[in-house]
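Q: Could you take me through this model, starting with its charged pairs and then moving on to the rings and the surface?

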Amino acid sequence: MSKKVKIIVILLISVLLVAISINYIFHGGERDLATEEVEFSVSSKAIILEFASNVTTATKKYSDKAIVVSGKVTSVTDSIVTIDNLIICNFKSPDKSISNEQSISVKGRLVGFDDLMGELKLDQCSINKNN
């Protein structure tokens, strides 16, 4: 094999490995939160109080974990459900069974706390059926 062919083969293999890695990072590495065990189950008021009293400690405790938050639905917009005006839950797709003033338990992953607005943000949400 000539030197040119070897370089081309190595470059093609390198590009292929990079493409596979990027695909895994963006698609294959996504967690399936629906199958994960819940680490914490709290009321919306209790978790907001925890964040209000000590953001750093609460963030370390809940961040990127599967949690269940219970409260009253105050807003439903497409795939975003707000609980008690302070918990923003992002569902993968709209859930027509959710309505305002409904008591609900939502399973999701805590992605952050907006201390300016006092809002907690969850993603990959689904209705928790294990009440």
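A: R109 forms a salt bridge with D64, with 2.9 Å between the closest N and O atoms; a salt bridge here is a side-chain nitrogen of Lys or Arg within 4 Å of a carboxyl oxygen of Asp or Glu. The two residues join distant parts of the chain, 45 residues apart, with R109 in strand 5 (residues 103–114) and D64 in the loop between helix 3 and strand 2 (66–77). Helices (H or I, at least four residues) and strands (E, at least two) are DSSP runs, numbered from the N terminus.

Q: Before we go on, what sort of model is this?
A: This is a predicted model, in which local features need pLDDT of at least 70 and side-chain atom pairs count only at pLDDT 80 or more, while totals for chains, interfaces and linings use all residues. Residues are numbered from 1 along each chain as its sequence is written, and side-chain values use heavy atoms, with hydrogens and water left out.

Q: Back to that pair: is R109 buried or partly exposed, and what about D64?
A: R109 counts as buried because its relative accessibility is 19%, whereas D64, at 39%, counts as partly exposed. The cut-offs are under 20% relative accessible area for buried and over 50% for exposed, with partly exposed in between (1.4 Å probe, protein chains only).

Q: Which residues are linked with R109 in a network of salt bridges?
A: The network of salt bridges links R109 with D64 and D123.

Q: How many salt bridges does a search of the whole structure find?
A: The search finds 5. One of them joins the side chains of K61 and E50, at 3.2 Å from N to O. That pair also links distant parts of the chain, since K61 lies in helix 3 (residues 55–62) and E50 in helix 2 (residues 44–53), 11 residues apart. K61 is partly exposed at 31% relative accessibility, and E50 is partly exposed too, with a relative accessible area of 25%.

Q: And what does E119 pair with?
A: The side chain of E119 meets that of K121 in a salt bridge of 3.3 Å, N to O. E119 is found in strand 6 (residues 119–127) and counts as buried because its relative accessibility is 17%, whereas K121 is partly exposed at 31%.

Q: Which residues is E119 in contact with, leaving aside neighbours within four places in sequence?
A: E119 is in contact (heavy atoms within 4.5 Å) with N85, L86, I88, G112, F113 and D114.

Q: Switching to rings, how many aromatic pairs are there?
A: The whole structure holds 3 aromatic pairs, where rings of Phe, Tyr and Trp (its six-membered ring) pair if their centres lie within 6.5 Å, and planes under 30 degrees apart count as stacked, over 60 as edge-to-face and the rest as tilted. F40 and Y62 form an edge-to-face pair, 4.9 Å centre to centre with 65° between the planes. F40 sits in strand 1 (residues 40–43) and Y62 in helix 3, 22 residues apart.

Q: Which of the two is buried, and which partly exposed?
A: Y62 is buried, with a relative accessible area of 0%, while F40 is partly exposed at 23%. Ring pairs link F40 and Y62 with F51 and F113 into a cluster.

Q: Last topic: which residues make the nonpolar surface patch?
A: M1, V5, V9, I13 and L17 make a nonpolar surface patch of about 500 Å². Patches take residues with over 30% relative accessible area and no salt bridge, joining like charges within 9 Å and nonpolar side chains (Val, Leu, Ile, Met, Phe, Trp, Tyr) within 5 Å, and accessible areas come from the Shrake-Rupley method with a 1.4 Å probe, where for residues only the protein chains shown count as cover. I13 lies in helix 1 (residues 3–28) and is partly exposed, with a relative accessible area of 47%.
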